[in-house]
Structures are given as structure tokens and as C-alpha cells.
Amino acid sequence: MYLLIINPRSGGGAGQRTWQSVEGMLHSRGIPHEPLFTQNADRAETQVLGALARRDDWRAAIVIGGDGTIHSVLGALRRRGVPLAVIPAGSGNDTARGFGIPLATEAALEAALQDRCLEADLLSGAGGLTLTAVASGFDAQVAVNVNNGFYKRLCNAIGAGQLAYIIGILHTLMTFKPCRVSVTCDGKEQAFEKAWLVSICNLPSYGGGLLICPQAEADDGLLDVCVVHGCSRMQVLRLFPTLLKGTHVALPFVTMLRGHSVAVHFAQARHAIGDGEPLGTAPLAVRCEPGALRVLSPLAAAREQGAAGPCQASV
Ligand SMILES: Nc1ncnc2c1ncn2[C@@H]1O[C@H](COP(=O)(O)OP(=O)(O)OP(=O)(O)O)[C@@H](O)[C@H]1O
């Protein structure tokens, strides 16, 4: 039995449209499933735990939504030991990208129905569990500004959602003030002056494919960290195209770190986001929980050794 967790509002309504086509595919293939429509992030965990408790033969929970929807059910899936599968229906879909899950619906469903899992790490701390990345500083401020700004509603109304993020980046670039940050990775503290952002990543990308930590691997038991510091506004602007290929890692004002636990303390309050969802402005203490969540992923078949293998729910 598969549990389908659907956020109809994700991707500006893509969740609802994707479910309609997935439902037809599941019926035509005779695959047993139960749909669960989640109402909001706060109630999702309780809803999913309630659904999972009703039977014990779940093969997987298939999320139809974006990274925020997946974020909202991580605790429930982890607690019940049910593998996660994803049919992307968000705006960024960086979880799907990170696990090699196709963005096309039918191919993603195919990947969800294969019994090959990666034993993925989770980031824990900072208000709960995160799968893709905890980002603090400039990027988080862009997300906050876009969500609170009038231009998101305006751009969505004219069907140009991505434009809101470009406006958000330019708006934040004009107003954001870099400050000192202390980053402690596996107990070793380093201070950076004029820091713009600190991103702690489990997967290579966020923001819809921006490769902020291109070397990050979901199942290596490690967190990859990117610190951007000591540069001008113009240099930050010029950083963005390099994120498409991940070549920013060679720039002199970018420092990459790797470890099992990371603490971040900005000299002034700075916003943070986890899987794109707001985490507040408190200092961060994040640790890696190796292999904490099984994820149905086409990458599993490609792994010659390690934790990948057939998936069984452990409810
Ligand atoms: N389980 C849930 N059910 C309903 N709404 C949710 C749930 N989880 C989060 N939300 C709300 O729905 C919004 C959109 O969901 P989601 O983040 O999945 O899609 P997106 O923002 O379009 O895509 P992405 O996060 O991949 O860029 C979230 O920002 C949050 O406000």
C-alpha cells in the first residue's frame, strides 16, 4: 500500500494537477494507494502520523508537492520508518533534483515504484528536521522578502513567479548588510568578516537548481557548508551565474567546509530557512543524522556499494 501525501497548493496549483494525472496512472496499473490531502505545514505531521497508524503494510509515502511539503512530513516518516518517494510538484523541487528523481510526473512515479532506496542523512536541530539545506543570511533574507513583499502576489497574478525571486534578490542586495559570523564545524571555530551567507547542505542545490554545495551527497554522513564573505554587492551579484555550475567554490571570497556538526552565530540577527521554510533568526546548531531516512531514488541503483538496497518499511 502506498500513501500519497498531496499539497494541492504547491507550485501554484501544480500539486492538484499532478495528483489528477497520478491518480489515473495508479488506477490503470492497479496499484493500491490511499490519498491524503494535507491542509498546512503545521498540521501535516499529525495528519500523516494518523494515516500511517491505520495500517502496517506501507511500502512508501509518495509526496506530491515541493520541498516545503516534504519538509513538513520528515518527522512523521522518520518516526514510523516509512520510505519517502517524491513526485515533484513544487517551484524549486531541489529534493527531487538531489535524489536524481525525474521532474516529469510519469517518470517520477516509475522511480517511486522501484524498490531501491538511499539511506539519506537528515539535518537535525534548527527547529526540527531538514533534508536539503539550512541556509542563513542573504538567501534566507531573499526568501523572507519575497514572501512578505507585494511583488510575489503581483508576479504570481501575471504568471511570472520566478520574476518575484529576481526582484527579491535585487531588493535584498540593495538593503542587506553583511556582518561578522562565527562558524564552528566539528568543534573548530572560524570567524568570517562581512559574511553574506552560510549554507549547510545535505543535497547539492536549493533555489531551483542553484548548486551551492556541488559536492554534497545525501548519504555520505556529512554536512557540506558554503560561506560567502568579505565581498562587495557587485561580487555577490556576479556569484549567481556561477551557482548554476557550482564554479563559485573556487572564488577567493567563498569558503567551503565539511563536517558532522555545524554551529552558526551571526553578530547580528539573521534569518534562516530549512528546505525553504522559515526557521527564525536564532543562532543555528545543526548536526548530521546519518542514514536517518530512506528515500526511493534512481541514484540507489547506480551506487555500487554502501547503504543503497531494497526498501522495506519498518512500521
Ligand atoms: N504538507 C503541507 N500541506 C499543505 N501546505 C503545506 C504543506 N507543507 C507546506 N505547506 C505550505 O505550502 C507552501 C508551498 O509548498 P511547497 O514548498 O511544497 O511548494 P513550492 O514552494 O511551490 O515549491 P518548492 O518548495 O519546491 O520551491 C509552503 O511554503 C507552505 O506554506
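# Reading a predicted model

UniProt, in an unreviewed entry, places the feature "domain: DAGKc" at residues 1-129. The model discussed here is predicted.

Student: What makes up residues 1-129 in this model?
Tutor: The span is 47% helix and 26% strand, and its end C-alpha atoms lie 25 Å apart.

Student: How many helices and strands does the protein chain have?
Tutor: The protein chain has ten helices and 16 strands.

Student: Why is the protein chain called as compact as a globular protein of that length?
Tutor: For 315 residues the globule rule gives 20 Å, and the radius of gyration of the protein chain is 19 Å, close to that value, so the description applies. Along the principal axes, the C-alpha atoms fill a box of roughly 60 × 45 × 30 Å. Of the 315 residues, 45% count as buried.

Student: Why is N93 called buried?
Tutor: A residue is buried if 20 or more other C-beta atoms lie within 10 Å of its own. N93 has 25 other C-beta atoms within 10 Å, so N93 is buried. The residue sits in the loop between β4 and α4.

Student: What is there to note about phi of N93?
Tutor: Phi of N93 is near 55°, a positive value in a residue other than glycine. Most residues other than glycine have a negative phi.

Student: How do you know whether D275 is buried or exposed?
Tutor: The cut-off for a buried residue is 20 or more other C-beta atoms within 10 Å. D275 has 28 within 10 Å, so D275 is buried. D275 lies in the loop between β13 (272-274) and β14 (277-280), and its phi, near 50°, is positive too.

Student: Which residues of helix α5 are buried?
Tutor: In α5 (residues 105-113), the buried residues are A108, L109, A111 and A112.

Student: Why are the buried residues of α5 said to line one face of the helix?
Tutor: Seen down the axis of α5, they fall within an arc of 160°, so they line one face. What covers these residues includes α1 (10-29), β3 (60-65) and β15 (284-296).

Student: Which residues come nearest to the ligand?
Tutor: T38, G66, G68, G90 and G92 come nearest, of the 20 residues around the ligand. Among the helices, α3 gives the most to this shell, with four residues.

Student: What confidence does the predictor give?
Tutor: The protein chain averages a pLDDT of 93, and 96% of the residues score at least 70. For the complex, the predictor gives an ipTM of 0.96 and a pTM of 0.93.

Definitions and conventions: Residues numbered from 1 in each chain as written. Predicted model: local features only at pLDDT ≥ 70, side-chain atom pairs only at ≥ 80, totals over all residues. Buried ≥ 20, exposed ≤ 12 C-beta atoms within 10 Å, placed from the backbone. Helix = DSSP H or I, 4+ residues; strand = E, 2+ residues; numbered from the N terminus. Arc of directions from axis to C-beta. Contact = placed C-beta atoms within 7 Å. Rg over C-alpha atoms; globule rule 2.2 N^0.38 Å. UniProt positions renumbered as here; feature names shortened; annotations may be inferred. pLDDT = per-residue confidence, 0-100. Near = placed C-beta within 6 Å.
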